[in-house]
Amino acid sequence: MTVTPHETAFALRRSRRIPGASLLAAMTTPHHVDRYLELVDPLLRVRDIRAEIVRVEHRTASAVTLTLRPTRRWSGFEAGQFVQVGVVIDGVRHTRCYSPANSATEPGVLELTVKAHVDGFVSRHLRDNAAVGQVLDLSAADGVFVLPRPRPREIVLLSGGSGITPMMSMVRTLVDENYDGNVTFVHYCAGSDDIPYRRELAELGARANVHIVYGYQGDTDQDGSAPGGTRVHGRFDGAHLDAVAPGHREAETYICGPHALTEAVRAYYRELGLEHRVHTEEFAAQAPAADPDADGQVCFARSGVRADNNGNTILEQAEAAGLSPEFGCRMGICFSCTATKKTGSTRNVRTGEIDAEPDRPVQLCISVPVGDVELDV
Ligand SMILES: Cc1cc2nc3c(=O)[nH]c(=O)nc-3n(C[C@H](O)[C@H](O)[C@H](O)COP(=O)(O)OP(=O)(O)OC[C@H]3O[C@@H](n4cnc5c(N)ncnc54)[C@H](O)[C@@H]3O)c2cc1C
Ligand code: FES
């Protein structure tokens, strides 16, 4: 039997309950965290990467910046990539994706800035409870949202809100590499109080080839104290780039932020016939439109719950039925939501592929039922 990476990932993450987690979380230096993990369970170190929190900073009211020291298996990242972070809350592991914000040239260090969402379970937990000495689960870095080599001579970075993190990593990495092309970094946010990296951006912007621009959404400059940097106002407009990045038509452009921002930027470059130069990352997926031809019933067998198939993803249908399956990214990249389909067919909304085999792992966040489906949920 062939075991797919999908099935391997499913097998590895089957057990969410971590009985020894509080013990691990209580362990601190002076030894490398690997040593403690080996004492508790020699398999832990080889099964997964772990990272110890070595610094916690609250740079804005809503965000927390964590400096992590990963275990020896950590092999670094490329600027723009993301990692999956496993956090144990009340004995249950939850997985979310975060993009390192530090320079990719720094060995053995990872800096994550997590913005707490109003209803966010993991992000609020980290903002309120993350402490030095705690240990988090970590995946290897992944993702194709990275700068090409050789580096382009003109680079434009655009971000909105929490999308600042991969851009910070890119601009810091370029500076550490002594990049001598031109980089313009435009960050859109509510105002200067909302920028977790104001001081670092001011330092970076002092270089002749690094141009920092703040795009404030409000009518005013807020407290007017944002150090350095040019300002533009209102939502993204091509005129902003004409004003602050005259070389943007020759640039490779990287954008990370809310869908409205990435769409506006893509539309602008599309009109210029330059969409192929735009590289996009979004932290939250747009929910796919419900399948208008949906029929049949979804049976969540382990929970004893049945619902009429309404054409949404199985994850959404489970949540609408009052269930709480595990999830992470909600866009098909982390496998946290994978469960066994016992019978029936599902369609992968990303690839259009139909899976009609019984007893197959399916990703609930990107699968819709095709007729009657029974799941081990
Ligand atoms: C590749 C990738 C990289 C990411 N990098 C970062 C990062 O560097 N920093 C960071 O803060 N976050 C990042 N995220 C988002 C992060 O993974 C979580 O989605 C976020 O922390 C919210 O998780 P939660 O458990 O607090 O919210 P949940 O409890 O999962 O959701 C609570 C509510 O918040 C909404 N929500 C969840 N996520 C978002 C979102 N991203 N935008 C708007 N609304 C949302 C949900 O719809 C829901 O209504 C990244 C996501 C991806 C896919
Ligand atoms: S929640 Fe990440 S793959 Fe489904």
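I began with Asp90, which is found in the loop between β3 (83-89) and β4; helices (H or I, at least four residues) and strands (E, at least two) are DSSP runs, numbered from the N terminus. I worked on a predicted model, where local features need pLDDT of at least 70 and side-chain atom pairs count only at pLDDT 80 or more, while totals for chains, interfaces and linings use all residues. Residues are numbered from 1 along each chain as its sequence is written, chains are lettered from A and ligands numbered from 1 in the order in which they are written, and side-chain values use heavy atoms, with hydrogens and water left out.

I looked up the phi of Asp90 and found a positive value, near 50°, in a residue other than glycine. Most residues other than glycine have a negative phi, and most peptide bonds are trans. I then noted a cis peptide bond between Arg149 and Pro150, with omega about -5°; Pro150 lies in the loop between β6 (135-138) and β7 (154-160).

Next I turned to ligand 1. I found 21 residues around ligand 1, of which Arg96, Cys97, Tyr98, Ser123 and Thr165 come nearest (a residue is near a molecule if one of its heavy atoms lies within 4 Å of it). I listed polar contacts, pairs of N or O atoms within 3.5 Å; within protein, one must be able to donate a hydrogen and the other to accept it, and residues adjacent in sequence count only if both atoms are side-chain atoms. A polar side-chain atom of Tyr98 is 2.7 Å from an oxygen atom of ligand 1, and an N or O atom in the side chain of Thr165 is 2.8 Å from an oxygen atom of ligand 1. A polar backbone atom of Ser99 lies 3.1 Å from an oxygen atom of the ligand. The elements that give two or more residues to this shell are β4 (92-98), β5 (110-115) and α5 (121-129). Domain 2 (49-138) and domain 3 (154-282) both give residues to the shell, so ligand 1 lies between them; the domain bounds come from an automatic or database domain assignment.
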